[in-house]
Amino acid sequence: MESSQSSMEGLKAELRKESRRLKLNFDELKSGGFIKQTQKDLFTVRLRCPGGRVTADKMRTAAAIADKYGRGEVHITVRQSVEVPYVNYIHFDAVAEELRAVNWSVASCGARVRVPTACAGCSYNPNGLVDTQGICAEVDRRYFGTPTGHHKFKMSFSGCPIDCFRTREMDLGFQGMVEPKLLEDLCNGCQLCVKGCEDKALRMEGDLPVRDDSLCVGCGDCVKVCPVDAMVVARRGWLARVGGRHGKHPLFAYEVANFLTDDQVYALIETTVDWYRHHGEGRERIGAVIGRIGLNTYLDDVVRPLGVEIVAQADQRRKYWAGGNLYDSK
Amino acid sequence: MTQNSAESELDLRGVLCPLNFVHIKIKLEEMNSGDVLEVLLDDGEPMRNVPKSLKQEGHRILRVAPEDGHYRLLIQVAE
Ligand code: SF4
Ligand code: SF4
Ligand code: SF4
């Protein structure tokens, strides 16, 4: 009797200690990243993997966590995260400890700026025009977890107009683009650039290729194919898209600015999240806010003051046309 | 050797991407740098893809001549 009494006391003390420990963790882990599963007491641990770039060291830690606290498997999410499913909440502390050891942390969920995604970009993808991984890491460092007050805020970076990272479906998306320029003296009139342009933005006039900017999407294929480097890059930067989302009712984003520098990208993110925080209502995504109060208000409030090359006219967006089954809610 | 006399020839009409490029690559590897390979390439996808890939690998396209439904390219092996 007495021994069972004392073991009961011991258990209670253990539980108190445990809950104090867990409370501390819940505070620390408030940003989310531990996601409740269907199964009682089990959570999925979503790891922070900006641009889907993870060191081998961190991968080994994810594997170790899966082995020790999960079911020996990880899940690769559509937003490039590594998740460890089936982790009991009593192990949060231990998991957080293992993550800290490799300078890693969990991702965010809820009404916050999410971990940005990115393709390989120009680092080794032949189509890449810009350093998507570099800017993605920096954007993650600066803005990850910023509360929006309304809903999630997703960003992605694509290295070229092929847009593997679906910038049109992001709250803010950035896609690499170039402006080609012809050095007439060097051109031999071979027409390879004209053949190489999928958007039919180039045609020969006499012996020289001429570009129609209203068709050119800035992919740089003409530069990449020119055998004598007569077609060169005049400008390189980011095309910004805002107001996209997927989900039950997808929205396609609007192109709002051309040829942004990295610093202009940071400025646009900051002012856009601010604008969203002020103008959003309830759990609206920014695309819904723009739908409600108008794209022009966003352009006037956010894009114009930045002094960047604005995309303000619908005609300027036509070349980025999309097709398929685009429903109309009305 | 003048720029326009080819050491080797490849007729890649009817060969699809990226196999056409692979054929060229294998051929170029047998040749010496500075040598010239003459290639017949279909219009369309092959003309869109192959010249870009060749440039990426450092080879030089010396001439592009349109012929009946295809193109004749002179490619100089990378230095
Ligand atoms: S978006 Fe362009 S650069 Fe990025 S992975 Fe796709 S093709 Fe490559
Ligand atoms: S950048 Fe792309 S779309 Fe523009 S002219 Fe060149 S190949 Fe055509
Ligand atoms: S590919 Fe270069 S050299 Fe050939 S037509 Fe175009 S710009 Fe001129």
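Author: Let us begin with a single residue. Val74(A) counts as partly exposed because its relative accessibility is 35%; buried means under 20% relative accessible area, exposed over 50%, and partly exposed in between, with a 1.4 Å probe and protein chains only. This is a predicted model, in which local features need pLDDT of at least 70 and side-chain atom pairs count only at pLDDT 80 or more, while totals for chains, interfaces and linings use all residues. Residues are numbered from 1 along each chain as its sequence is written, chains are lettered from A and ligands numbered from 1 in the order in which they are written, and side-chain values use heavy atoms, leaving out hydrogens and water.

Reader: Where is the place of Val74(A) in the chain?

Author: Val74(A) is in the loop between α2 (56-69) and β3 (75-76) of chain A. Helices (H or I, at least four residues) and strands (E, at least two) are DSSP runs, numbered from the N terminus.

Reader: Which residues form a nonpolar patch on the surface?

Author: Val74(A) forms one with Met59(A) and Ile76(A), and together they have about 250 Å² of accessible area. Such areas come from the Shrake-Rupley method with a 1.4 Å probe, and for residues only the protein chains shown count as cover. Patches are made of residues with over 30% relative accessible area and no salt bridge; like charges are joined within 9 Å, and nonpolar side chains (Val, Leu, Ile, Met, Phe, Trp, Tyr) within 5 Å.

Reader: What is a salt bridge?

Author: A salt bridge is a side-chain nitrogen of Lys or Arg within 4 Å of a carboxyl oxygen of Asp or Glu. Side chains of opposite charge can pair when their charged atoms come close.

Reader: Which residue forms a salt bridge with Glu38(B)?

Author: The partner is Arg72(B), and the closest N and O atoms are 2.3 Å apart. Glu38(B) lies in strand β2 of chain B and Arg72(B) in strand β4 of chain B, so the pair ties together parts that are 34 residues apart in sequence. Glu38(B) counts as buried at 13% relative accessibility, whereas Arg72(B) is partly exposed at 24%.

Reader: Which residues do salt bridges that share partners join into one network?

Author: The network holds Glu198(A), Asp221(A), Glu45(B), Arg48(B) and Lys52(B).

Reader: Which residues are buried in α2(B), the helix that holds Arg48(B)?

Author: Arg48(B) and Lys52(B) are among them, as are Met47(B), Val50(B) and Leu54(B). The helix covers residues 45-56, has 12 residues and reaches 17 Å from its first C-alpha to its last, close to the 16 Å expected at 1.5 Å a residue. The expected span is 1.5 Å times one less than the number of residues.

Reader: Which elements do the buried residues of α2(B) pack against?

Author: They pack against elements of both chains: α5 (192-196) and α6 (221-225) of chain A, together with α1 (19-30), β2 (36-42), β3 (60-67) and β4 (70-76) of chain B. After the helix comes Gly58(B), whose phi is positive, near 90°.

Reader: Let us change topic. Is Arg241(A) buried or exposed?

Author: Arg241(A) counts as buried, at 0% relative accessibility, and is found in strand β10 of chain A. Its side chain is joined to that of Thr167(A) by a polar contact of 2.9 Å. A polar contact is a pair of N or O atoms within 3.5 Å; within protein, one must be able to donate a hydrogen and the other to accept it, and residues adjacent in sequence count only if both atoms are side-chain atoms. Leaving aside neighbours within four places in sequence, Arg241(A) is in contact (heavy atoms within 4.5 Å) with residues including Asp163(A), Asp171(A), Glu255(A) and Tyr320(A).

Reader: How many helices and strands has chain A?

Author: Chain A has 10 helices and 12 strands. Of its 330 residues, 47% count as buried.
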